[in-house]
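Me: I would like to learn how to read this model, feature by feature. Where do we begin?

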Amino acid sequence: MSAVEQDQRLYPSCHDKTTVSKDLSDIRELAKQPLQDLKLASHAVLEKAQENGRLKCSKCGGSRMFFCYTCCSLVGVSMQEIPLIKLPVKMDIIKHPNETDGKSTAIHAKILAPNDVTIYTYPCIPEYEKDKVVLVFPSQGAVSVQDMMQCLRDRSNNRSRYSLNEPPVKRLKSEEVQGATHVAKKPESGTLDEEKSLESRLYPLEKVVFIDSTWNQTNKISTDERLQGLLQVELKMRKTCFWRRQKGKPDTYLATIEAIYYFLKDFHQHYLTQDYNGEYDNLLFFYSYLHSVVNKAKTSAGKS
């Protein structure tokens, strides 16, 4: 029996769940211009860096603007000048080796949330605990962010009934994984009560995985046996505003940084029991600025 077939036998309810339909006001809200009303740090530092032009990366010597997508380091901008974001859950990005570094938005997440984001280049993929990790990827059996946590709990409960006599799986230590880009450091912790409260609300979720590649390349990674059996989550009502649209693909296929942002926004509203107040908007700090630059260039060229 394949891993997928076994998972479906153990917890079919996860794939049968459907998200409660949103009312018209919610749909209209989601349909708004995605980059409107963001609570962002000032782009003045990026405007100044753009005026200064491209500079050489101090590590690899490549000509770069704002950051080096090869070295995951800032260029012409200091850490003190950009927003740094603490995420409520760790994130891994699995990058396709043929993905053009300069076109990928995954680096934005690594630079802006350095303690919570790790980038791996395929075929390097860590071993994941199937009941504690989700893969954000559109598929026939994918569930919504709203249903995600209950599905994980159902999986954990059902799997435990079938594996009482099985030996525990040896966990792979992060330092044993080769090929990781800037493995995240341990984040600063809050108070003990805050940590326990957050852990309770997030249990059993420990990590969220994203695939960074063109949509034509995703199949090779998404079907890798190390990702098989992970609960897949889909952001069904979000639309991309990426300026590098892929021909023949629907506008619900998001750029990596968009997928991370929208996942966190939905996650915050459903599981942190708080109204969203722009906590992760700065994940789009670089993206929104580049979006405006591209649009201005198109307008000047008469293409808009």
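Reply: Begin with burial. Buried means under 20% relative accessible area, exposed over 50%, and partly exposed in between (1.4 Å probe, protein chains only). Helices (H or I, at least four residues) and strands (E, at least two) are DSSP runs, numbered from the N terminus. This is a predicted model, where local features need pLDDT of at least 70, side-chain atom pairs count only at pLDDT 80 or more, and totals for chains, interfaces and linings use all residues. Residues are numbered from 1 along each chain as its sequence is written, and side-chain values use heavy atoms, with hydrogens and water left out.

Me: How many helices and strands does the protein chain have?

Reply: The protein chain has 10 helices and 10 strands. Of its 304 residues, 44% are buried.

Me: Which residues cover the two faces of strand E7?

Reply: E7 spans residues 133-136. Val-133 and Leu-135 lie on one side, Val-134 and Val-136 on the other, and all are buried.

Me: Which strands pair with E7?

Reply: Two strands pair if DSSP finds at least two bridges between them. E7 runs parallel to strand E9 (residues 207-212), with four bridges. There, Val-133 has Lys-207 as its bridge partner. E7 also pairs with strand E10 (residues 231-233), again parallel, over three bridges. Val-134 is partnered by Leu-231 in E10.

Me: Is H9 enclosed or exposed?

Reply: Burial counts settle that. In H9, 13 of the 16 residues are buried, so the helix is largely enclosed by the rest of the structure. Thr-273 follows H9 and has a positive phi, near 50 degrees.

Me: What about charged pairs?

Reply: Side chains of opposite charge can pair when their charged atoms come close. A salt bridge is a side-chain nitrogen of Lys or Arg within 4 Å of a carboxyl oxygen of Asp or Glu. The structure holds eight.

Me: What does Arg-238 pair with?

Reply: Arg-238 meets Asp-266 in a salt bridge, 2.7 Å from N to O. Arg-238 sits in the loop between E10 and H9 and Asp-266 in H9, so the pair ties together parts 28 residues apart in sequence. Both residues are buried.

Me: Which residues form a network of salt bridges?

Reply: Lys-86, Lys-90 and Asp-116 do. Between Asp-116 and Lys-86, the closest N and O atoms are 3.7 Å apart. Asp-116 is buried at 2% relative accessible area, whereas Lys-86 is partly exposed at 46%.
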